Structures are given as C-alpha cells and as structure tokens.
Amino acid sequence: MRAANSKSILFGGTLIRWLELAATLAPLALTPGAAWSTTAIESFAFRSSAQIGNAVYLKAVVTGVWEDECEVFVVAVGGTSLLSGREGEKNLMRVGRGFKEDRFEENPRLVPVADAFFTIVCSSLAPASVRC
C-alpha cells in the first residue's frame, strides 16, 4: 500500500485513517474490552503536509462521554529530525506531555499536520461488568 504520492507527500486519506484509529483507541482506557466504531467526523482540518522521512505523532483525548458514545479530539504533529540523538528524546518528551494551546514554539521543527473531532460509538462489550 502506498502512503505517499509521487512528490513524497503523505496522502490525506492515510492521515485520516491514522487519526480515526487513534480516536477509536482513546476510549479503551475508559472501557477496556469494549469495541468502538466511528459514527461521524465532526470536523477535520489539514494544517500542513507531511512528507516521507517526517515523523508524525498522534494524540487523542476523550472530550465528552454519553451513555454509549463519546467525542474524541485527535491532533497530529510532525516534523523532521525529531528522533535524532538527545534533542530527539527531548522532543518526544514534549510531545508526550501534550499540546498547549496549539503552540509549538518550544521546537520549531514540530508543526501541526491535522486535527479532528470524532464521534465514537460503543458497539460491543467483552466483559458483562463493563458499561460504555
């Protein structure tokens, strides 16, 4: 499967698939064993392109929970040389701590790629004691 076009730019559909996967994994921390599926993409915005050789990091946060569905915000950031040496380790630590007001001044090589809100519905439960 090709993930990039002839100019080495990541396909938008591939990025959307990655964001959706992150969105369906986020509620698992709340309900282990439940199966989640996307019912709607409430908003989606491409911020910049990602190219072959760029690292792309995804972070998903559950922002609302209802009886059998939830809303998830997912952000993708990317850049070059994020994983090289000591500086790369510091960059990963910054990404792991979260994103403050969508500002990336701490590391100018780390830029927003895309963000989206998804509505996710609980489609099945493994253990009977877990509720969506």
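This is a predicted model: local features need pLDDT of at least 70, side-chain atom pairs count only at pLDDT 80 or more; totals for chains, interfaces and linings use all residues.
## The overall fold

Let's start with the whole chain. The protein chain has 132 residues, and 33% of them are buried. Its secondary structure consists of two helices and four strands, arranged along the sequence in the pattern α-β-β-β-α-β.

## Helix α1 and what covers it

Helix α1 covers residues 12-25, a run of 14 residues. From its first C-alpha to its last it reaches 20 Å, close to the 20 Å expected at 1.5 Å a residue. The buried residues in α1 are Thr 14, Leu 15, Leu 19, Ala 22, Ala 23 and Thr 24.

Leaving aside residues up to four places away in sequence, Thr 14 touches Arg 2 and Ala 3.

## The β2–β3 hairpin

Next, the strands β2 and β3. They run antiparallel and are joined by 10 bridges, forming a hairpin with three residues between them. Within this pair, Val 56 stands opposite Gly 78 in β3.

Gly 79 also belongs to strand β3. Is this glycine buried or exposed? Gly 79 is buried, because its relative accessible area is 8% and the cut-off is 20%. Gly 79 and Ala 55 show how the chain brings separate parts together: they are 24 residues apart in sequence, yet 5.7 Å apart in space, C-alpha to C-alpha.

Now for the interior. In soluble globular proteins, nonpolar side chains tend to be buried together. Here, the largest nonpolar core has 19 residues, and the members that touch the most others are Leu 15, Leu 19, Val 72, Val 74, Phe 118 and Ile 120. The elements giving two or more residues to this core are α1, β3 and β4, with the largest share, six residues, coming from β4.

Not counting residues up to four places away in sequence, Val 74 touches Leu 19, Ala 22, Ala 23, Lys 59, Ala 60, Ala 114, Asp 115, Ala 116 and Phe 118. There is also a second, separate core of five residues, including Ala 55, Tyr 57, Val 77 and Leu 110.

## The cysteines

A disulfide is a covalent bond between the sulfur atoms of two cysteines. How many disulfides does a search of the whole structure find? The search finds zero. Cys 70 is in no disulfide, and the nearest cysteine sulfur, that of Cys 122, lies 8.7 Å away; a pair would have to be within 2.5 Å to count. Cys 70 is also buried, because its relative accessibility is 1%, under the 20% cut-off.

Note on methods:
Residues are numbered from 1 along each chain as its sequence is written. Side-chain values use heavy atoms; hydrogens and water are left out. Buried means under 20% relative accessible area, exposed over 50%, partly exposed in between (1.4 Å probe, protein chains only). The expected span of a helix is 1.5 Å times one less than its number of residues. Two strands pair if DSSP finds at least two bridges between them. A nonpolar core is a set of buried Ala, Val, Leu, Ile, Met, Phe, Trp, Tyr and Cys residues joined through side-chain atoms within 4.5 Å. Contact means heavy atoms within 4.5 Å.
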